[in-house]
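Me: I have a model open and want to go through its side chains with you. Can we take it step by step?

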Amino acid sequence: MKKKILLLFVMLGLGLTVGVSPVFASGGGHPEAAPWSVIPFAALLIMIATGPLFYEKFWHHNYPKVAVGLAAIVVGYYIFGLHNTHGPIHAFFEYFQFIALLSGLYIASGGIMINVDRKGTPLANTILLVFGAVISNIIGTTGASMLLIRPFMRLNQERIQPYHVVFFIFIVSNVGGALTPIGDPPLFLGFLKGVPFEWTLIHSVPMWAFTIAMLAVVFFFFDRRFVNKKNLLFDEETEKTYSNKITITGAKNFAWLAVLVAAVFFDPSKISWLPGILQTHEGMSIGFLSDLQHHEGATLFSFIREIIMLSVAYLSYKFADQKAIKGNEFNFEPIREVAFIFIGIFGTMMPALELVGGFAASDAGAPLITHNTLYWATGSLSGILDNAPTYLNFLTAAMASKGADINSAQQVLDFTNGIVNGAPNHEAQLELLAISVAAVFFGAMTYIGNGPNFMVKSIAEQSGVEMPSFFGYILRYSLPILFSILIVVWLVFFAFV
């Protein structure tokens with residue numbers, strides 16, 4: 001396992017080395033990706049869906065090679081076929097930000113063991129899920145998921161069922177994090193582009209509260225219906241007595257989580273003295289915020305923040321309370337699986353996002369851009385793509401359709417205030433709200449919609465829970481329960497505005 005993890009970081013390093021080479025650092029003016037270039041992405045999605053069902057042994061042993069290989073095909077096509085390194089470089093840094101944050105949150109929270117010594121009643125379970133939704137906005141959906149999934153399963157060890165974990169994914173791993181940029185990766189990318197930190201907290205609360213309430217009510221009655229269904233893996237014959245106490249082992253790791261949350265704000269595009277990696281038409285180098293004024297079309301990527309996050313991941317594990325590590329049955333397989341799968345997703349989805357975004361910004365597509373179409377388009381793709389780049393792609397398209405540029409921090413700020421090209425535009429705020437809500441909420445539609453989904457699934461399966469397959473998750477839970485609620489959300493908050 002150590003060799004494979006080392007291989008992952010070597011590959012990331014090589015990707016960065018290629019990215020910073022002046023020879024490859026080309027600018028704009030590239031031909032568009034051909035429609036056939038979405039085939040590797042489609043193939044990866046199909047294999048993610050069918051692998052665990054029809055060729056489980058092959059998939060389990062070879063998914064890293066498949067994911068990296070398909071990503072390499074698309075990246076190679078962009079670099080050598082389209083002479084476009086702008087897309088791969090951006091995809092690399094988006095992935096780097098994504099995996100650094102998820103790794104830090106996963107590993108730091110893995111060293112905290114929370115034990116709730118009471119019986120898992122429907123009411124207790126519902127309260128824990130709602131609590132998880134709230135703290136998702138403070139330590140992220142990944143941090144909240146990793147902190148609470150094991151206590152949640154221990155709370156219900158006598159009768160744990162797949163639906164417990166599915167609703168946990170719905171509420172804690174996705175919908176809960178809709179209020180702050182820390183909560184969910186798409187909002188984090190929006191914050192990096194210039195959306196004010198408090199914007200979603202101000203505008204998304206009604207949708208968040210409504211959706212959490214509906215999911216919590218459905219879960220409560222679902223859980224009450226199956227309250228007497230026993231977990232076949234639980235073989236204790238004697239009736240257990242409960243102290244109703246909550247104990248925390250490894251509480252010092254909360255300090256590491258605080259460092260991770262603070263590191264989110266270490267953004268070179270906002271802090272003048274913080275260095276970043278400056279990408280210009282001439283190449284890449286270390287730069288600062290002031291350098292953006294002297295290079296048209298330049299981008300300043302963060303790397304200090306990610307180094308801090310990966311350092312926290314290492315140190316929080318090295319100095320963790322071993323009792324908490326053992327009690328949580330902590331291992332690196334879930335984050336390893338996410339790391340490799342999402343290398344494939346970030347690498348192969350570039351053409352799909354480019355083609356969709358290009359149409360949305362075109363003369364034919366621009367008239368179709370409304371808050372209603374953005375809600376469903378962003379939501380639909382957030383379920384099958386990763387929701388973070390999907391959010392950014394549709395925000396780019398929404399702004400472009402109105403003549404605004406997402407690469408201008410001032411224009412992004414104006415857009416959030418309902419101003420486009422100096423004139424009031426109420427539709428702009430509605431479109432941003434629709435994109436923000438849909439990207440977060442629909443991320444729960446599949447296992448690959450949001451990073452924590454796969455990790456929670458993996459942890460549950462390692463604990464003996466027979467989680468539904470890719471399609472089983474969609475057909476048995478997402479479509480009949482979550483999708484129905486998201487239709488109601490659209491009808492109440494967007495359809496008739």
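Me: Is Phe 471 buried, partly exposed or exposed?

Reply: Phe 471 is partly exposed, with a relative accessible area of 40%. Buried means under 20% relative accessible area, exposed over 50%, and partly exposed in between (1.4 Å probe, protein chains only). This is a predicted model, so local features need pLDDT of at least 70, side-chain atom pairs count only at pLDDT 80 or more, and totals for chains, interfaces and linings use all residues. Residues are numbered from 1 along each chain as its sequence is written, and side-chain values use heavy atoms, with hydrogens and water left out.

Me: Which helix does Phe 471 lie in?

Reply: Phe 471 lies in helix α20. Helices (H or I, at least four residues) are DSSP runs, numbered from the N terminus.

Me: Which residues make a nonpolar surface patch?

Reply: Leu 53, Phe 54, Phe 471, Leu 475 and Leu 479 make one of about 530 Å². Patches are made of residues with over 30% relative accessible area and no salt bridge; nonpolar side chains (Val, Leu, Ile, Met, Phe, Trp, Tyr) are joined within 5 Å, like charges within 9 Å. Accessible areas come from the Shrake-Rupley method with a 1.4 Å probe; for residues, only the protein chains shown count as cover.

Me: Which elements give two or more residues to that patch?

Reply: They are α2 (39-54) and α20 (470-493). The largest share, 3 residues, comes from α20.

Me: Switching to rings. How many aromatic pairs are there?

Reply: The structure holds 37. Rings of Phe, Tyr and Trp (its six-membered ring) pair if their centres lie within 6.5 Å; planes under 30 degrees apart count as stacked, over 60 as edge-to-face, the rest as tilted. Among them is Phe 98 with Phe 346, a tilted pair at 5.3 Å centre to centre and 45 degrees between the planes.

Me: Where in the chain do those two sit?

Reply: Phe 98 is in helix α4 (residues 86-110) and Phe 346 in helix α13 (residues 333-348). They are 248 residues apart, so the pair links distant parts of the chain. Both Phe 98 and Phe 346 are buried.

Me: What about Phe 470 and Phe 471?

Reply: Edge-to-face, 5.5 Å centre to centre, with 85 degrees between the planes. Phe 470 counts as buried, at 12% relative accessibility.

Me: Which rings link into a cluster?

Reply: Ring pairs join Tyr 163, Phe 167, Phe 170, Phe 219, Phe 222, Phe 226, Tyr 447, Phe 454 and Tyr 473.

Me: Which charge sits over the ring of Phe 319?

Reply: The charged end of Lys 318, 5.9 Å from the ring centre. Lys 270 lies over the face of Phe 191, at 5.0 Å from the ring centre. The test is NZ of Lys or CZ of Arg within 6 Å of the ring centre and within 35 degrees of the ring normal.

Me: OK, salt bridges. How many?

Reply: The structure holds 5. Each is a side-chain nitrogen of Lys or Arg within 4 Å of a carboxyl oxygen of Asp or Glu. One of them joins Glu 306 and Arg 305 (2.8 Å, N to O). Both Glu 306 and Arg 305 are buried.

Me: What does Glu 333 pair with?

Reply: Arg 336, with the closest N and O atoms 3.5 Å apart. Glu 333 is buried at 15% relative accessible area, and Arg 336 is buried at 8%.
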